[in-house]
Amino acid sequence: MFQTKVAIVLRSDLAVWQKLNVTAFLTSGLSFRAPEMIGEEYVDRDGNRYNPMSVQPVIVLSADAATMSQIHRRSLERGITTSLYVDAMFATGHDAANRAVFATFGPDDAKVAGIALRADKKIVDKITKGASMHA
């Protein structure tokens, strides 16, 4: 049904609150990059309006730190723009601070907490190889 696949990969050793926080942040980045992912607003029987959501399923995967680094590297090698969350962002309190701390890391030293991508299904499968379904 979809030519593309949406995947969020979370590092397996994160606390539950961190996994939820990272998932929310990463999803917002995907929505910006691919606005066609977002459908129409929802309206209930009484006419109350609700925010639109993704039109496509999102798969949530889990991986250890080494696999997260490989996934990050593979996405860069294939030129796929991702949403990326690094550990240092947990210690900040707002967007400007997140971007400032993010800018202090490169692919070789970023401790990736989570990564989200949307691309052709086969490409996403190749990039996320080694990750497993999140439990």
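Q: Okay, which strand is Ser-62 found in?
A: Ser-62 sits in strand S4. Just keep in mind that this is a predicted model.

Q: Is Ser-62 buried or exposed?
A: Buried: its relative accessibility is 13%, and anything under 20% gets that label.

Q: What does Ser-62 touch, leaving aside its neighbours within four places in sequence?
A: Its contacts include Val-9, Leu-10 and Ser-12, and also Ser-132 and Met-133. Ser-132, in strand S7, is the residue standing opposite Ser-62.

Q: Which way do S4 and S7 run, parallel or antiparallel?
A: Antiparallel, with two bridges joining them. S4 also pairs with strand S1 (residues 4-11), and that pair runs parallel, with six bridges. In that pairing, Ala-7 is opposite Ile-59.

Q: New topic: how many salt bridges are there in the whole structure?
A: Nine. One of them joins the side chains of Arg-11 and Asp-87, at 2.9 Å from N to O. Those two are 76 residues apart: Arg-11 is in strand S1, while Asp-87 is in the loop between strand S5 and helix H3.

Q: Which residues are linked with those two in a network of salt bridges?
A: Asp-13 and Lys-111 are linked with Arg-11 and Asp-87.

Q: And is Arg-11 buried or exposed?
A: Arg-11 is buried, at 4% relative accessible area. Arg-49, on the other hand, is exposed at 57%.

Q: What does Arg-49 form a salt bridge with?
A: Glu-41, with the closest N and O atoms 2.6 Å apart. Glu-41 counts as partly exposed, at 40%.

Terms used: Residues are numbered from 1 along each chain as its sequence is written. This is a predicted model: local features need pLDDT of at least 70, side-chain atom pairs count only at pLDDT 80 or more; totals for chains, interfaces and linings use all residues. Side-chain values use heavy atoms; hydrogens and water are left out. Two strands pair if DSSP finds at least two bridges between them. Helices (H or I, at least four residues) and strands (E, at least two) are DSSP runs, numbered from the N terminus. Buried means under 20% relative accessible area, exposed over 50%, partly exposed in between (1.4 Å probe, protein chains only). Contact means heavy atoms within 4.5 Å. A salt bridge is a side-chain nitrogen of Lys or Arg within 4 Å of a carboxyl oxygen of Asp or Glu.
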